[in-house]
Amino acid sequence: MRLHHLLLALLFLVLSAGSGFTQGVRNSQSCRRNKGICVPIRCPGSMRQIGTCFGPRVKCCRSW
């Protein structure tokens, strides 16, 4: 039974550590690091939004 608790705790640690990688881009430096550009309007046709740069109105866009 103790082994089950240990495995459950280990699984929780692995999943919680990986959750940081799913967070969106929130500033211009992280946008550029993720090979994106900041645009004040919608992302152009061949690009998709990966986060924001300075707030909800300025989008961080990256090509597919």
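In what follows, a residue is called buried when its relative accessible area is under 20%, exposed when it is over 50%, and partly exposed in between, using a 1.4 Å probe and protein chains only. By that rule, cysteine 31 and cysteine 60 are both buried.

The model here is predicted, and local features need pLDDT of at least 70, side-chain atom pairs count only at pLDDT 80 or more, while totals for chains, interfaces and linings use all residues. Residues are numbered from 1 along each chain as its sequence is written, and side-chain values use heavy atoms, with hydrogens and water left out.

## The overall layout

Let's start with the big picture. The protein has 2 helices and 3 strands, and from the N terminus on they come in the order α-α-β-β-β. Helices (H or I, at least four residues) and strands (E, at least two) are DSSP runs, numbered from the N terminus.

Of the 64 residues in the protein, 19% are buried. The protein exposes about 5,500 Å², with carbon and sulfur atoms supplying 63% of that area. Accessible areas come from the Shrake-Rupley method with a 1.4 Å probe, and for residues only the protein chains shown count as cover.

What about contacts, meaning heavy atoms within 4.5 Å? Among contacts in the protein with a separation of 6 or more, 28% are between residues 24 or more positions apart.

An unreviewed UniProt entry carries the annotation "domain: Beta/alpha-defensin C-terminal" for residues 31–61. UniProt positions are given in the numbering used here, feature names are shortened, and annotations may be inferred rather than shown by experiment. In the model, the end C-alpha atoms of residues 31–61 lie 8 Å apart, and the span is 10% helix and 39% strand.

Two strands pair if DSSP finds at least two bridges between them. Strand 1 and strand 3 (residues 59–63) run antiparallel and are joined by 3 bridges. Isoleucine 37, for one, has cysteine 61 in strand 3 as its bridge partner.

Over in strand 2 sits isoleucine 50. Isoleucine 50 counts as buried because its relative accessibility is 16%. Its C-alpha atom is separated by 8.8 Å from that of asparagine 34, a residue 16 places away along the chain.

## The disulfides

A disulfide is a covalent bond between the sulfur atoms of two cysteines. Here a disulfide is counted when a pair of cysteine sulfur atoms lies within 2.5 Å. The structure holds 3 of them:

| Disulfide | S to S distance |
|---|---|
| cysteine 31 – cysteine 60 | 1.9 Å |
| cysteine 38 – cysteine 53 | 2.0 Å |
| cysteine 43 – cysteine 61 | 1.9 Å |

If you number the bonded cysteines in sequence order, the pairing reads 1-5, 2-4, 3-6.

Take cysteine 31 and cysteine 60 to begin with. The torsion about their S-S bond is about 90 degrees, so this disulfide is right-handed. The pair links distant parts of the chain, with cysteine 31 in helix 2 and cysteine 60 in strand 3, 29 residues apart.

Next come cysteine 38 and cysteine 53, where the S-S torsion is about -90 degrees and the disulfide is therefore left-handed. Cysteine 38 lies in strand 1 and cysteine 53 in the loop between strand 2 and strand 3, so the pair ties together parts that are 15 residues apart in sequence. Cysteine 38 counts as partly exposed, at 30% relative accessibility, whereas cysteine 53 is buried at 3%.

That leaves cysteine 43 and cysteine 61, with a torsion of about -80 degrees, so this disulfide is left-handed. The pair links distant parts of the chain: cysteine 43 is in the loop between strand 1 and strand 2, cysteine 61 is in strand 3, and they are 18 residues apart. Cysteine 61 is buried, with a relative accessible area of 0%.

## A serine in helix 2

Is serine 28 buried or exposed? Serine 28 is buried, because its relative accessible area is 9%. This serine has its place in helix 2 (residues 28–33). Leaving out residues up to four places away in sequence, serine 28 touches Cys38, Cys53 and Phe54. Cysteine 38 and cysteine 53 also form a disulfide with each other.

Conventions. Contact means heavy atoms within 4.5 Å.
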